[in-house]
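Welcome, and please take a moment to look over the chain before reading on. The report below walks through it step by step.

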Amino acid sequence: MARVSVTVDGTRYVDEVEPRTLLVHYLRDQIGKVGTVVGCDTGNCGACTVLMSGPDHVARSVKSCSVLAIQADGCAVTTVEGLADSDGTLHPVQRAFHEQHALQCGFCTPGMIMATVDLLRENPHPTEAEIREGISGNLCRCTGYQNIVRAVQQAANGGAAPSAAHSAPVESASAESASVESAARPVAHSPAVTS
Ligand code: FES
Ligand code: FES
């Protein structure tokens, strides 16, 4: 076993982990961050994407099934559960996914949102081609990506919806909205452990 100290969504955790434990399994199974999901466990789908910052304090997206928990020792990790404000106000990217109906089943959504946050950090005003390239590591089986691209455009526009010229057909919002809000809703934290 190895001891890790990781700050997740603003709370510091100190835990013993198997050296082979993947970060995604640590997040889900040991500290209850089940908003981060496992799609493939092989680094292909991006569903497990979180933000991780190291010594330079820049939060970059990583596929948490491709990172060992011990590699996150000393790092800060942000999951989809840590994006919204403490009063429940959605992050602009979450709000854009909600308003643009950028999901159907919602399984890809936590990872897609985290990848988008990193994309816009690196490139605040991406072209459509840059958006498609930026989220190319995140697979969605449902949406055809049109509304996801529109959501990224809206977030990049400071919350303004993209022009109608780029509109795509919009499906019913009710289930999608619930899914985004569910993905954003903080869960009860495991008791923080301090060393
Ligand atoms: S679970 Fe598919 S990339 Fe991590
Ligand atoms: S995989 Fe279902 S909404 Fe993307």
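What follows is a short tour of this predicted model, from the overall picture to a few individual residues.

## The overall picture

The protein chain has 195 residues, of which 42% count as buried. Its secondary structure comes to six helices and five strands. Starting at the N terminus, the elements follow the order β-β-α-β-β-β-α-α-α-α-α.

How confident is the predictor? The average pLDDT of the protein chain is 88, and 84% of the residues score at least 70. Two stretches call for care. Over residues 167–179 the pLDDT stays under 50, and the model has 14 contacts there beyond four places in sequence. Over residues 181–195 the pLDDT also stays under 50, with 29 contacts beyond four places in sequence. Where pLDDT is low, the predicted coordinates should not be read in detail.

Is α2 largely enclosed or left open by the rest of the structure? Six of its eight residues are buried, so α2 is largely enclosed by the rest of the structure. The buried residues are Val93, Gln94, Ala96, Phe97, His98 and Glu99.

Helix α2 packs with α3 and with α5, and α3 and α5 pack with each other as well. Two packed helices are described by the angle between their axes and the distance between the axes. The table sets out these values for the three pairs.

| Helix pair | Angle between axes | Distance between axes |
|---|---|---|
| α2 and α3 | roughly 130 degrees | within 9 Å |
| α2 and α5 | roughly 135 degrees | within 8 Å |
| α3 and α5 | about 40 degrees | 11 Å |

Take α2 and α3 to start with. Their axes cross at roughly 130 degrees, which makes α2 oblique to α3. The crossing is right-handed. On the α2 side, Val93, Gln94 and Phe97 meet Thr109, Ile113, Thr116 and Val117 in α3. By class, this contact of α2 with α3 has four nonpolar, three polar and no charged residues.

Now turn to α2 and α5. With axes crossing at roughly 135 degrees, α2 is oblique to α5. This crossing is right-handed. The residues in contact are Pro92, Val93, Ala96, Phe97 and Glu99 of α2 and Ala151, Gln154 and Ala155 of α5. The contact of α2 with α5 counts six nonpolar, one polar and one charged residues.

That leaves helix α3 (residues 109–122) and helix α5 (residues 146–156), which pack at an angle of about 40 degrees. That angle makes α3 oblique to α5. Here α3 passes α5 in a right-handed crossing. Met112, Thr116, Leu119 and Leu120 of α3 make the contact with Ile148, Val152, Ala155 and Ala156 of α5.

Where does histidine 101 lie? Histidine 101 is in the loop between α2 and α3. Although it is not a glycine, histidine 101 has a positive phi of about 55 degrees. Histidine 101 has 23 other C-beta atoms within 10 Å and is buried.

Tyrosine 145 is another non-glycine residue with a positive phi, in this case about 75 degrees. Its place is in the loop between α4 (128–134) and α5. Is tyrosine 145 buried or partly exposed? Tyrosine 145 has 19 C-beta neighbours inside 10 Å, and a residue needs 20 or more to be buried, so tyrosine 145 counts as partly exposed.

Lysine 33 sits in the loop between α1 (23–30) and β3 (49–53). Lysine 33 is buried, with 26 other C-beta atoms within 10 Å. Which residues does lysine 33 contact, leaving aside its neighbours within four places in sequence? They are Val8, Leu27, Arg28, Thr79 and Glu81. Lysine 33 and aspartate 9 are 24 residues apart in sequence, and their C-alpha atoms are 9.4 Å apart in space.

Conventions. Residues numbered from 1 in each chain as written. Chains lettered and ligands numbered in written order. Predicted model: local features only at pLDDT ≥ 70, side-chain atom pairs only at ≥ 80, totals over all residues. pLDDT = per-residue confidence, 0-100. Contact = placed C-beta atoms within 7 Å. Buried ≥ 20, exposed ≤ 12 C-beta atoms within 10 Å, placed from the backbone. Helix = DSSP H or I, 4+ residues; strand = E, 2+ residues; numbered from the N terminus. Axes fitted to C-alpha atoms, helices over the stretch in contact; angles between N-to-C directions. Parallel < 35°, antiparallel > 145°, perpendicular 65-115°, else oblique. Left-handed = near helix turned anticlockwise from the far one by under 90°. Nonpolar A, V, L, I, M, F, W, Y, C, P; charged D, E, K, R; others polar.
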